Amino acid sequence: MKKKRKWIKWVLLALVVLVILWMLFLSGKTKEASYTEVPVTTGDLTTYYNFDGLVYAPRMQTLTSAQDDIVSAVYVAQNEQVRSGDRLLKLKNGGIVRADIDGEVTNLPVAGDDVVAAGQTLAQIIDMDRLEIRLNVDEYDVDAVTPGTSVQVSILATERVYEGEVTALDKNGTASGDLSYYTARVAMEPMEGVYPGMQVSAKVLRSHAENAALLKMDALLFDEYNRPYVLLRADNGKDTVTRSVSVGVSDGINVEITEGLSAGETVLMKNALTLAELRVQMMNQHSGSR
């Protein structure tokens, strides 16, 4: 019982200490905040729209049996190249089944003497020389993928990267959650080892700032009207002053400063006080109040 009371006592004490620390922090009874100096640099800043999607085969033929039948003969093998009009197989009642497109036999699930049901797949042909990329684009970014737009595409499985171009945008969107998504088609050249269904990532140029004044985003502050400003060291070397700035391109790490700062200047970024520092301050203030 004594151990339980002792445990409760320490928990209550810890809670009291935390409350005191929080009150001290809110009341501003802390030592002067420390700062890190952040230089304004010069450089280029580029941002992109990012999309994901799949490799897709727009020219594909799936051949099925029109009725219950029996496979009399098979004239091709899986992964064999065929041309439009080539014989693929023969059915006892359905006659010769032929290819309607040039391409590769990517699926051949039947063999001679197999019994097949109506609607069963007999063969599939894909034109592997005419693949394309289909990107998922949300409704807020459709203006970034108009036909003719350059796109940098990465095939994730092969780690290949190439420059493509948007050929079409399907304007009939599909709702998913709170957003609607549209499909942008990107042309691609035939690539060894790239197959339909492979995942891709893609990016489209959003904005670019060249030879700009750049500042770390963490050093940028905003007032109650969401207007950006920075902290600078005052002329006396002790106090701080604020200065309004205008911003441009940002990649989430750095931001372009279009007005208010020049490369070579130094901005102050307030350091967050740690819990250990708050404890020390509380102890100092407690001893000083005696």
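Strands here are DSSP runs of E at least two residues long, numbered from the N terminus. What you have on screen is a predicted model, and it contains two helices and 21 strands.

**The whole protein**
- Of the 290 residues in the protein, 31% are buried.
- Take the contacts with a separation of 6 or more: 66% of them come from residues 24 or more positions apart.

- In soluble globular proteins, nonpolar side chains tend to be buried together.
- The largest nonpolar core here has 28 residues, and the members touching the most others are Val 55, Ile 133, Leu 135, Val 153 and Ile 155.
- At least two residues of this core come from each of strand 2 (41–56), strand 11 (132–138), strand 12 (150–155), strand 13 (160–176), strand 14 (179–187) and strand 15 (199–216).
- Another core, of 17 residues, lies apart from that one, and its members include Leu 63, Leu 91, Leu 108 and Val 116.
- Which residues does Ile 155 contact, leaving aside its neighbours within four places in sequence? They are Val 55, Ile 133, Arg 160, Tyr 162, Val 194, Met 198, Gln 199 and Val 200.

**The largest pocket**
- The largest pocket holds about 240 Å³ of space.
- There are 14 residues in its lining, with Gln 81, Glu 104, Met 128, Asp 129 and Met 191 nearest the centre.
- By type, the lining of the largest pocket splits into six nonpolar, three polar and five charged residues.

- Is Ala 57 buried or exposed? The cut-off for buried is under 20% relative accessible area, so Ala 57, at 7%, is buried.
- Not counting residues up to four places away in sequence, Ala 57 touches Ile 126, Leu 131 and Pro 196.
- Ala 57 and Met 128 are 71 residues apart along the chain, with their C-alpha atoms separated by 7.2 Å; Met 128 also turns up in the lining of the largest pocket.
- Ala 123 sits in strand 10 (residues 121–126) and counts as buried because its relative accessibility is 2%.
- Beyond its neighbours within four places in sequence, Ala 123 is in contact with Gln 61, Thr 62, Leu 63, Leu 88, Asn 107, Leu 108 and Pro 109.
- Between Ala 123 and Ser 65 there are 9.7 Å, C-alpha to C-alpha, and the two are 58 residues apart in sequence.

**Tyr 182 in strand 14**
- Tyr 182 belongs to strand 14, and its C-alpha is 6.0 Å from that of Asp 170, twelve residues apart in sequence.
- With neighbours within four places in sequence set aside, the contacts of Tyr 182 include Leu 135, Val 137, Val 142, Leu 169, Asp 170 and Lys 171.

**Backbone spots to check**
- Most residues other than glycine have a negative phi.
- Asn 79, a residue other than glycine, has a positive phi near 75°, and you'll find Asn 79 in the loop between strand 4 (69–74) and strand 5 (81–82).
- Glu 159 is not a glycine, yet its phi is positive at about 60°.
- Where does Glu 159 lie? It is in the loop between strand 12 and strand 13.
- Exposed means over 50% relative accessible area, so Glu 159, at 71%, counts as exposed.

Key
Residues numbered from 1 in each chain as written. Predicted model: local features only at pLDDT ≥ 70, side-chain atom pairs only at ≥ 80, totals over all residues. Heavy atoms only, no water. 1 Å grid on protein atoms, 1.4 Å probe; cavity = no way out; pocket = protein on both sides within 12 Å on 5 of 7 lines; lining within 4 Å. Points joined across faces, edges and corners; volume = space filled by probe spheres on them. Nonpolar A, V, L, I, M, F, W, Y, C, P; charged D, E, K, R; others polar. Core = buried A, V, L, I, M, F, W, Y, C linked by side-chain atoms within 4.5 Å. Buried < 20%, exposed > 50% of the residue type's maximum accessible area, 1.4 Å probe, protein only. Helix = DSSP H or I, 4+ residues; strand = E, 2+ residues; numbered from the N terminus. Contact = heavy atoms within 4.5 Å.
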